[in-house]
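Subject: Structure handover

Hello,

Please find below the structure for your files. My notes on it follow.

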Amino acid sequence: MIDYPRTYFGWSATSPADYADPESGLVVHYNGPATHLDDHAECVSYWKSTRDHHVNGRDWADIGYSFGVSVGGDVFEGRGLYRYQAAQGTRSGNAGYYSVTLMIGEGERPTDAQVDGVRRLRAWLTSEHGVSGRVLGHRDFVSTSCPGSVLYALVEDGSFTQPPGTAPGSGDEMLGLKVGDSGSRVTLLQQMLKYAGASLPKYGVDGSYGQETSDALLWVRRQMGSSATDGDTVTSYALAQLHAQLARHQSAGG
């Protein structure tokens, strides 16, 4: 299901990287700095320059990633199938997992098409090549900001593991909520806070973002080691920490 194979970019049909058989899952990456890519041609140029940097700048055998997903949702082939990675940062990670980088960077949000592109890639890897459906982020292997707070929140909330074609809902409906807001998005936030182990003792899930909800979000952030002083706004970092605490609380039987 690769939309654009290596030969489309003028590269050899098969990567010169060492053989591997990654079966443990898929790891999500991003560019780091913002890319400001708008169309297919810009994404092609970006993909070629990324390989050039990896090969000629870092002296790697090939582009570091297995695959890339353009802003239009197309899957670009990198090292492709059955090749050792140079992306995860550990030997076991590079040998055991495929990698996919979304062609965006810090401060940019994935398009709905990009999210679905990752879903299509994952479905193909699992159904056709026996790869586990597990999806992780680069930071799950080494200390790094990659793939950024927005993408990592999507990793944490399972957005990338949904079937291809699922109605858009990037999992960040709560992003930007603040004290004084009300409605269904606040209700969702409060439900997730309770699932994550936080307490809403007086008002419960009432759809109103008040001090109690702020205190609950701050509690969650502190559980994840944050030095935040309040929970008055659902920032991208706060959202990522909420998803992480939710996963930890559930795995502990909470």
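Leaving aside neighbours within four places in sequence, His54 is in contact (heavy atoms within 4.5 Å) with Asp59, Trp60, Asp62, Ile63, Gly64 and Tyr65. His54 belongs to helix 1; helices here are DSSP runs of H or I with at least four residues, strands are runs of E with at least two, and both are numbered from the N terminus. His54 counts as buried because its relative accessibility is 5%. The classes are buried for under 20% relative accessible area, exposed for over 50%, and partly exposed in between, with a 1.4 Å probe and protein chains only.

Some ground rules: this is a predicted model, in which local features need pLDDT of at least 70 and side-chain atom pairs count only at pLDDT 80 or more, while totals for chains, interfaces and linings use all residues. Residues are numbered from 1 along each chain as its sequence is written, and side-chain values use heavy atoms, with hydrogens and water left out.

Five strands form an open sheet in the order 3-2-4-1-5, with mixed pairing; two strands pair if DSSP finds at least two bridges between them. Strand 3 (75-77) and strand 5 (135-137) are at the edges and have a single partner strand each, so one side of each has no neighbour in the sheet. From one strand to the next, the twist averages 30°. Strand 1 (residues 26-29) and strand 4 (residues 98-102) run parallel and are joined by four bridges. In this pair, His29 is opposite Thr101 of strand 4.

Helices on the sheet

Helix 1 (residues 40-57) lies across strand 2 (67-69), strand 3 and strand 4, and runs at about 30° to strand 3. Axes are lines fitted to C-alpha atoms, for helices over the stretch in contact, and angles run from 0 to 180 degrees between N-to-C directions. Helix 3 (residues 112-129) also packs on the sheet, where it touches strand 1, strand 2, strand 3, strand 4 and strand 5; its direction makes about 150° with that of strand 2.

Backbone points to check in your viewer

- His36, in the loop between strand 1 and helix 1, is not a glycine but has a positive phi of about 60°. It counts as exposed, at 61% relative accessibility.
- Tyr82, in the loop between strand 3 and helix 2 (91-96), also has a positive phi, near 60°. Its relative accessible area of 28% makes it partly exposed.
- Cys146 and Pro147 are joined by a cis peptide bond with omega of about 10°. Pro147 is in the loop between strand 5 and helix 4 (148-156).

Regards
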